Amino acid sequence: MLEKIEERLDSEAVIEEFESLTKDAGRVQREILKRILQENGEIEYLLKFGLDGKTDPASFNARVPIVTHEDLEPYIRRIADGEKSSLLTAKPISTISLSSGTTQGKPKYVPFNDALIDSTMQIYKTSFAFRNREYPIIGNGKALQFIYGSKQFKTNGGLTAGTATTNVYRNTKFKKTMHAMQTPCSSPDEVIFGNNFQESLYCHLLCGLIFSDEIQVVSSTFAHSIVHAFRTFETIWPQLMTDIRDGVLSSRISSLNIRSAMEKVLLGPNPGLADTIYRKCLGLSNWYGLIPEIFPNVKYVYGIMTGSMEGYVGKLRHYAGGELALVSGDYGSSEGWIGVNVNPRMAPEMATFAVLPNIGYFEFVEMGLPEEAAAQPVGLTEVEVGKEYEIIVTTFAGLYRYRLGDIVKVKGFHNSTPELQFIRRSNLVLNINLDKTTEKDLQLAVNTSADLLAGEKLELVDFTSFADRSTDPGNYVIFWEITSNNNNNDEIMQQCCNCLDRSFVDAGYVSSRRVNTIGALELRILKSGTFNKIMDYYVGLGSAVSQFKTPRFIGINNHKVLNILLSNVVNTYSSTAFD
């Protein structure tokens, strides 16, 4: 029997529920904490803090310490190794999520359970409801979703482990929700869960083209995956046209499962469609407006575009043309979700996220306070507009007063729940001397200097950085991969290098450069495809491509990625900005 598909989502009913939840977010938060502690009050981790059945915020905050992943890792490892006692949750954990590993250099283990699936579906539905109000889906559309399931494996204790996105995509509730939202993926499951990323990407593109008139949404978890997909399209589109024209899948696809599934999509030769798309591609100027040209009924492009993804927004705008909307995806992490984008018309760089008060218990540590004051976090409804905070989460999946490591700024309130803007990761800074250069500082400096490339018909593909302390004084090293125009670009690259050096605004950096306690910045240009090698490395560790984020800072202990970068340098430029 065919699995029952969930009825079409009632967007207005979902929004009404969200409005009700957020009108009294403080009460909802107290109820959520009470539920979490009532369900898990007898677990090993919480028993040692002497809550004695208390479930109120004051008792919880006074007795349970704020922790990091390192503090909980021994318990998570025992769960992964098969220990059956109630360590972090009363209900057994049967699945482990892996973080992408791009922040710390290696994946983290995080407990995953049905509560996380339910909160994920609530986020998806709420976000879609607000998008659908602004950009309504017409009829039964499809979504060109560049999503990829990573390999799952068994831990020592027999638990299933995989990336958070893979655990979601493999859950039956995901497909039901996509159908309810009228945006089922245009690709069959065999493509999503294929073992070879390049083959899956090829078939995602091919499916999108075959259903080009039905595609109403183009999306992925992160903006990087969408940009990577269409950069790939620029080079392989003639082969895709051949497949459509002949009705035969390219021999580059070796997976028998994928080939069998694609036979049901490629229903014979279609020279008319192939010729139409071919003419459209030839008519584009440098692929500007590619997405709406190929997919004439698309309503918007959707994916996370904040934080480290901001660097791809410019290229996405190029592919989207002048009118197609870019909508930033919602705010979450491998540990769980935080907030939903309820203002889909807002530019991605300005996106804010309204916290859903019923998916976890949230606390906030104000930034810039003395250590003693910072030890007293405030609740969800007690934050103040304009201030920056680090987020502390307590979840139904076994995390208690857990430092998420994100810094956010409160931009306003939706009813009584705050709307947050992601600012940066708390532990990601470039530092040599007195300087503290954040990911946001780096992004702004790169944006400013990369503007110089346009006049030479060059384009920045991707970038990362490294604080080199092997010499005295140490210096910043910025790695760029750029498109090539096959000309001698030494003069423009030197200008970019100097511009980078001048564009870092941290007072500690500027003063240290002036007195040479930080050395001249180096700009190192990489071979084409270097960042694809880095992505392949992380995918080999178990990360899913759709969960991949280019690491913006490479730590000294991240030997593998450093070696990839250093072995692919083709030119080095040293700044003369402070000479």
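Which residues form one aromatic cluster? Tyr 45, Phe 49, Tyr 75 and Tyr 400 do. The model examined here is predicted. A search of the whole structure finds 24 aromatic pairs. One of them joins Phe 60 and Tyr 361 edge-to-face, with 6.0 Å centre to centre and 75 degrees between the planes. Phe 60 belongs to helix H4 (residues 57-63) and Tyr 361 to strand E12, so this pair ties together parts that are 301 residues apart in sequence. Both Phe 60 and Tyr 361 are buried. Phe 233 and Trp 287 also form an edge-to-face pair. Their centres are 5.8 Å apart, and the angle between the planes is 85 degrees. Phe 233 sits in helix H11, whereas Trp 287 sits in the loop between helix H13 (271-282) and helix H14 (290-294), so parts 54 residues apart in sequence are tied together. Phe 233 is buried, with a relative accessible area of 3%. Trp 287 counts as buried too, at 12% relative accessibility.

The strands were examined next. Strands of a sheet pair through backbone hydrogen bonds, either parallel or antiparallel. Val 218 has Val 301 in E7 as its bridge partner.

A second open sheet contains eight strands. Their order is E9-E10-E11-E16-E15-E14-E12-E13, and the pairing is antiparallel. E9 (331-333) and E13 (378-379) are the edge strands, each pairing on one side only. Two bridges link strand E12 (residues 361-366) to E13 in the antiparallel sense. Here Glu 363 stands opposite Gly 379 in E13.

Strand E1 (residues 95-98) pairs in both senses. Four bridges join E1 to strand E2 (residues 109-112), and these two run antiparallel. Four bridges also join E1 to strand E5 (residues 160-163), in the parallel sense. Leu 98 stands opposite Tyr 109 in E2 and opposite Thr 163 in E5. Thr 95 and Ser 97 point one way from E1, and Ile 96 and Leu 98 point the other way. All four are buried.

Two further buried residues illustrate contacts across the sequence. Thr 165 lies in helix H7 (residues 164-169). Its relative accessible area is 12%, so Thr 165 is buried. Leaving aside residues up to four places away in sequence, Thr 165 touches Thr 221, Ala 544, Ser 546 and Gln 547. Ala 351 is in the loop between strand E10 (336-340) and strand E11 (353-355). Ala 351 is buried, with a relative accessible area of 2%. Ala 351 and Lys 409 are 58 residues apart in sequence and 11 Å apart in space, C-alpha to C-alpha.

Helix H19 (residues 507-514) has five named buried residues: Gly 508, Tyr 509, Val 510, Ser 512 and Arg 513. Their cover includes strand E20 (475-482) and helix H18 (490-503). At the start of H19, a side-chain oxygen of Asp 506 comes to within 3.1 Å of the backbone nitrogen of Gly 508. After H19 comes Asn 516, whose phi is positive, near 65 degrees.

A search of the whole structure finds zero. Cys 207 is in no disulfide, and the nearest cysteine sulfur, that of Cys 203, is 6.3 Å away. Cys 207 is buried, with a relative accessible area of 0%.

Methods:
Residues are numbered from 1 along each chain as its sequence is written. This is a predicted model: local features need pLDDT of at least 70, side-chain atom pairs count only at pLDDT 80 or more; totals for chains, interfaces and linings use all residues. Side-chain values use heavy atoms; hydrogens and water are left out. Buried means under 20% relative accessible area, exposed over 50%, partly exposed in between (1.4 Å probe, protein chains only). Contact means heavy atoms within 4.5 Å. A polar contact is a pair of N or O atoms within 3.5 Å; within protein, one must be able to donate a hydrogen and the other to accept it, and residues adjacent in sequence count only if both atoms are side-chain atoms. A disulfide is a pair of cysteine sulfur atoms within 2.5 Å. Two strands pair if DSSP finds at least two bridges between them. Rings of Phe, Tyr and Trp (its six-membered ring) pair if their centres lie within 6.5 Å; planes under 30 degrees apart count as stacked, over 60 as edge-to-face and the rest as tilted.
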